[in-house]
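Biologist: I would like to learn how to read aromatic rings and chain shape in a model like this one. Could we go through it slowly, one feature at a time?

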Amino acid sequence: MSEEQDSSQNNLDRAAQQGEMSWPMLPHERNWNRKSLFVVLMVAAAATWCYIIGEYVGYYLPLWPGFFAMTAGAMIGMLLVTLAVVPTSSRFGVDSIKAAVPQFGANGWVITVALQYLSIIGWNALLLIFFGRSVSRFLNAVGLGDESLADIVVPIGTVVACALVFIILRRGTTGLERVAMWLFFFIVGVGLFLIIVIFVQKSDELATAVPAYATGKQIDFQFGIEIALVSLLSWWPYIGSMTRMARSPSIAAAPSMLGMGLPVPILSFVGLAAILVLETSDPSGWMIQVGGNLFGALALLFVMAANFGTATAGLYASTVGIKAVPKLGRIPWNFALMISILPVVFIGIFFPNWVFDNFGTFVAYIGVFFAPLCGIQIVDYFGIRRGRINIRGLYETGSESPYGYWFGINPAAIIGMAGGVVTYLYLLDPISYSVNDPFPIIGASLPAAAIAAVAYTIVTFAINKPLNKGDYTKH
Amino acid sequence: MAPLPDEIERRVALYEDPANDPGGFKPTDWAVILGAGVVLPIVCIFIGWNVGWTV
């Protein structure tokens with residue numbers, strides 16, 4: 001990392017702690033080129049959650065169909081997120097929440113911040129419980145206790161990890177970005193180790209492995225695409241805070257699609273292969289099964305470090321998001337940090353297994369809300385406004401604000417979101433994974449995004465434009 | 001309309017000048033975006049549908 005980037009990171013830390021992160025960044029503060037943005041996005045995306053995404057797809061699909069379905073779904077998800085957030089964030093140097101103000105209204109942050117918060121909390125709970133499980137497996141590998149040890153160690157490990165995250169983040173990132181780079185090599189290294197050993201030791205089993213929940217070719221293939229797609233929709237809260245560091249949408253386009261989209265299916269291949277031949281639903285258990293006690297314990301140490309580091313970065317992002325909320329900008333940094341961390345502690349103590357056992361439900365709910373959100377942003381920016389954004393309007397909050405709508409909320413966005421959510425829930429039940437036609441052909445996220453976009457457009461042309469709401473009249 | 005705080009006003013005013021607006025995606029960006037987000041998924045769906053099924 002260059003001195004220029006060091007300096008901009010220090011500025012970001014200061015701005016985050018003082019609640020200034022929602023301000024538009026100045027061109028000289030946005031000094032990431034294509035290469036540095038590509039690396040940062042790749043490091044952010046390639047976390048151990050990829051093992052879990054691949055594992056879940058492996059319940060439905062064999063190795064190669066699973067890999068190609070994941071790649072297709074991930075890239076479609078990345079397309080939606082890129083088109084929704086990047087044009088505004090990298091044009092004006094604003095984060096994902098501010099980028100959604102023209103569509104949701106001056107007080108629309110109520111919706112987008114809530115979604116951001118829940119999504120980041122969910123992923124970080126997953127990572128820190130993965131951390132707790134890895135600690136427990138590591139202790140087993142070095143001869144301490146048996147599998148029942150997890151009942152005690154997982155909650156304690158999660159709480160200790162949360163306490164450490166709090167201590168580290170009290171003073172900002174303090175070099176976290178450098179650690180993140182090393183964690184990337186840990187994650188890829190452990191992934192390569194797993195893949196090589198699995199292919200060498202179990203290639204025959206891998207070629208003939210039958211997925212545990214396989215029911216029919218078409219619906220299983222669509223599940224694979226959908227799971228990867230909705231997983232990538234989770235990047236919505238993260239991507240704006242990173243692409244704003246590029247000076248233009250042109251600089252951010254390729255890193256966004258390729259740097260943040262492609263690493264996920266590639267690294268998820270590890271989880272897919274592992275679940276097919278090892279048939280253990282706990283990724284921390286794979287290391288010992290594959291590498292034996294010595295190499296397994298070593299791999300677990302890397303996984304523990306990687307989970308901890310990624311969760312620390314995620315909880316930092318979540319806290320920055322909280323500080324960017326207009327009403328919460330002035331609360332002390334440590335208090336905002338507690339708001340981010342305490343839900344993870346709660347989940348780690350009371351529902352550690354629920355999060356892992358219901359990963360499919362969690363990511364499907366991501367799709368329920370983020371697919372319509374992306375559909376609305378895309379149709380508004382490219383179709384209705386044709387790229388014309390009132391930068392002043394992003395920061396004015398009164399009823400006369402360009403994006404004041406009614407009480408700061410755009411009814412078109414509410415109706416669009418409702419239409420998209422209902423469409424998704426009709427096509428795919430996030431809890432039971434029961435589906436209705438035409439899910440086997442087109443999935444749930446794309447129709448949900450499309451219906452949300454159509455509903456948003458109709459209400460905009462029927463109500464907002466005639467009543468001069470939403471700053472459309474000049475366009 | 002209440003004025004914006006000074007520092008936000010300074011930043012907003014800068015981007016209101018069209019000379020500082022970097023604009024949108026260029027044609028080559030669209031080629032990458034649509035290539036990776038539309039063409040690649042279609043190719044993957046075709047290959048995945050035809051290769052490696054064990055059930």
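This is a predicted model: local features need pLDDT of at least 70, side-chain atom pairs count only at pLDDT 80 or more; totals for chains, interfaces and linings use all residues.

Biologist: Where do A:Trp64 and A:Phe68 lie in chain A?

Modeller: Both belong to helix H4, which covers residues 63-92 of chain A, and they are 4 residues apart, which is about one turn of the helix.

Biologist: How is a pair of aromatic rings described?

Modeller: A pair of aromatic rings is described by two things, the distance of the centres and the angle of the planes. Over all chains, the structure holds 31 aromatic pairs. In the pair of A:Trp64 and A:Phe68, the ring centres are 6.4 Å apart and the planes stand at 40°, so this pair is tilted.

Biologist: Which kind of aromatic pair do B:Phe25 and B:Trp30 form?

Modeller: Theirs is edge-to-face, with 5.3 Å from centre to centre and 85° between the planes. As for accessibility, B:Phe25 has a relative value of 14% and counts as buried, whereas B:Trp30, at 28%, counts as partly exposed.

Biologist: Which residue lies over the face of B:Trp49?

Modeller: That residue is A:Lys217, at 4.4 Å from the ring centre of B:Trp49. Within chain A, A:Arg385 lies over the face of A:Tyr472, at 4.1 Å from the ring centre.

Biologist: Turning to the whole of chain B, what is its radius of gyration, and what would a compact globule of 55 residues have?

Modeller: Chain B has a radius of gyration of 23 Å, while a compact globule of 55 residues would have one near 10 Å. Along the principal axes, its C-alpha atoms fill a box of roughly 65 × 25 × 15 Å, and its secondary structure comes to 2 helices and 0 strands.

Biologist: What average pLDDT does chain B have?

Modeller: The average for chain B is 87, and 93% of the residues score at least 70. For the complex, the predictor gives an ipTM of 0.92 and a pTM of 0.88.

Methods:
Residues are numbered from 1 along each chain as its sequence is written. Chains are lettered from A and ligands numbered from 1 in the order in which they are written. Side-chain values use heavy atoms; hydrogens and water are left out. The radius of gyration is taken over C-alpha atoms; the globule rule is 2.2 Å times the number of residues to the power 0.38. pLDDT is the predictor's confidence in each residue, from 0 to 100. Rings of Phe, Tyr and Trp (its six-membered ring) pair if their centres lie within 6.5 Å; planes under 30 degrees apart count as stacked, over 60 as edge-to-face and the rest as tilted. Buried means under 20% relative accessible area, exposed over 50%, partly exposed in between (1.4 Å probe, protein chains only). A charge sits over a ring if NZ of Lys or CZ of Arg is within 6 Å of the ring centre and within 35 degrees of the ring normal.
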